[in-house]
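Hi,

Here is the structure I said I would pass on. Have a look at it first, and then read my notes below.

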Amino acid sequence: MSGSYDESASFEEATDSFWEVGNYKRAVKRIDDGHRLCNDLMNCIQERAKIEKSYSQQLTDWSKRWRQLVEKGPQYGSVERAWLAVMTEADKVSELHQEVKNGLLNDDLEKVKNWQKDSFHKQMMGGFKETKEAEEGFKKAQKPWAKKAKELETAKKAYHLACKEEKLASTREANSKAEASVTPDQQKKLHEKVDKCKQDVQKAKEKYEKALDELSKCTPQYQEHMGQVFDQCQQLEEKRLSFLREVLLDIKRHLNLTEDQSYASVYRELERTINAASTQEDLKWFSNNHGPGMHMNWPQFEEYNPDVAHTVTKREKVKKPNEAVSAVGEHVMAQAGDRGSVSSYDKNQAYSTEWSDEEQPASQSGNETNGGANPFEEEPSPSPKGVRVRALYDYEGQEQDELSFKAGDELTKLEDEDEQGWCKGRLDGGRVGLYPANYVEPI
């Protein structure tokens, strides 16, 4: 009997099987996870909707800004219309992304919220009804088998302990035969101990085998009942997975603008407008409106008429920056028609009809920007040595030829104010440029 026991195999390796006592809890936890995943999906949808809203607003702001710049800038004709069509595309795409945001929040988010409410019923004491029902179902199905499994474990331990005692008694008896100091009476007692241990092993084995037999008979019913409860959990999970797949398809439908006919029409219209741009028509328009094609009242002899006053048209003076500046030195932007367009050229600015046969300074041509005329019609008279002035307000240059300074900074005025309200000056660092005359005062 002693040779049938292997101490190294006295304890079976624990498994992670669903059928082990208590391992059904993972199936129960999956129900709670389903509720949490609904929350995660709603957060996911909300974040994407926020991105769509932000992108929509950015497109709108970009379109508004650049539409104004292009309309004020030097571009003209059909190419200008093509350029503006890009802003129209942004406006329409902005509306579409706003619709994406609305679809995500009003349709998809609400759909998930309502399904979660209908599928998970909260209890007064906390938790969900579905979770509690699954937990109780598994416990009820497992209870008889778990009781038998516990009895089996107890019988197994008793049997293994008896085997261990029997092996120890046999070892002592064998060792006593080799020792001369052990009396015959002592050897007899050791032998009786071995016989008793063998009887104990046999009784423990019978109990162990009986417990195993009873557990085996209980196992089919245990598997059936546990399987029924698990199938109910599977049905709940199947509904959740099917719903999740359905919602993800809805989200895809809202996000995929390529399936929206209005989205495709935006780019068909954009392409049509760009293709309609005609280089030759624009050149002809410019020639007729600003070139040799313009009508001209050529000079003719005129009799003196004292009733008609002779006038000379001056170029409209560019408005000075707003003088209503706050005490904290807030920056005041120049009004429309000032130097704040997409370039220093303004398609609507008036040009002087004055002319002179005096040679213009060569430096004048270097101030032209993008092919436009010099914003100063006449060279202002220079101050011989320069005048020191102090800035009253902050000013941030809007063009490359303008200076930037803070209220309180000192600089040198090199030329007097021109008819447009600008002075030429030099910062202490050596940079030379233009600045609004009414932003400084003499020191």
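The side chains of Arg-388 and Asp-428 meet in a salt bridge, with N and O 2.9 Å apart. (A salt bridge here is a side-chain nitrogen of Lys or Arg within 4 Å of a carboxyl oxygen of Asp or Glu.) Arg-388 sits in strand E1 (residues 382-391) and Asp-428 in the loop between strand E3 (422-427) and strand E4 (432-436), so this pair ties together parts that are 40 residues apart in sequence. Arg-388 is partly exposed at 31% relative accessible area, while Asp-428 is exposed at 55%. (Buried means under 20% relative accessible area, exposed over 50%, and partly exposed in between, with a 1.4 Å probe and protein chains only.)

Some ground rules before you go on: this is a predicted model, so local features need pLDDT of at least 70 and side-chain atom pairs count only at pLDDT 80 or more, while totals for chains, interfaces and linings use all residues. Residues are numbered from 1 along each chain as its sequence is written, and side-chain values use heavy atoms, with hydrogens and water left out.

Now the overall picture. The protein chain has six helices and five strands, and from the N terminus on they run α-α-α-α-α-α-β-β-β-β-β. (Both are DSSP runs numbered from the N terminus: helices are H or I with at least four residues, strands are E with at least two.) Of the 443 residues, 32% count as buried. The accessible surface comes to about 29800 Å², and 51% of that belongs to carbon and sulfur atoms. (Those areas come from the Shrake-Rupley method with a 1.4 Å probe; for residues, only the protein chains shown count as cover.) Of the contacts with a separation of 6 or more, 72% are between residues 24 or more positions apart. (Contact means heavy atoms within 4.5 Å.)

Back to charges. Side chains of opposite charge can pair when their charged atoms come close. How many salt bridges does a search of the whole structure find? There are 22 salt bridges. One of them joins Arg-67 and Asp-91, with the closest N and O atoms 3.4 Å apart. Arg-67 is in helix H1 and Asp-91 in helix H2 (residues 77-119), so they tie together parts that are 24 residues apart in sequence. Both ends are partly exposed: Arg-67 at 22% and Asp-91 at 27%.

Another salt bridge, between Lys-113 and Glu-110, has its closest N and O atoms 3.6 Å apart. These two are separated by about one helical turn because they are three residues apart in helix H2. There is also a network of salt bridges linking Lys-111, Glu-246, Asp-250 and Arg-253.

Asp-282 lies in helix H6 (residues 279-290). It is buried yet has no salt bridge, and the nearest side chain of opposite charge, Arg-81, is 5.3 Å away. (Lys and Arg count as positive, Asp and Glu as negative; His and the chain ends are not counted.) What does lie 2.8 Å from a polar atom of the Asp-282 side chain? That is the backbone nitrogen of Ser-78. Leaving aside neighbours within four places in sequence, Asp-282 is in contact with Tyr-76, Gly-77, Ser-78 and Val-79.

The other one is Glu-52, in helix H1 (residues 25-72). Is Glu-52 buried or exposed? Glu-52 counts as buried because its relative accessibility is 4%. Its side chain makes a polar contact with the side chain of His-97 at 2.5 Å. (A polar contact is a pair of N or O atoms within 3.5 Å; within protein, one must be able to donate a hydrogen and the other to accept it, and residues adjacent in sequence count only if both atoms are side-chain atoms.)

Last, the rings. The whole structure has 18 aromatic pairs. Trp-19 and Tyr-222 form an edge-to-face pair, 5.7 Å centre to centre with 65° between the planes. (Rings of Phe, Tyr and Trp, using its six-membered ring, pair if their centres lie within 6.5 Å; planes under 30 degrees apart are stacked, over 60 edge-to-face, and the rest tilted.) Both residues belong to one aromatic cluster, along with Phe-18, Tyr-24, Phe-138, Trp-145 and Phe-230.

Cheers

Terms used:
Lys and Arg count as positive and Asp and Glu as negative; His and the chain ends are not counted.
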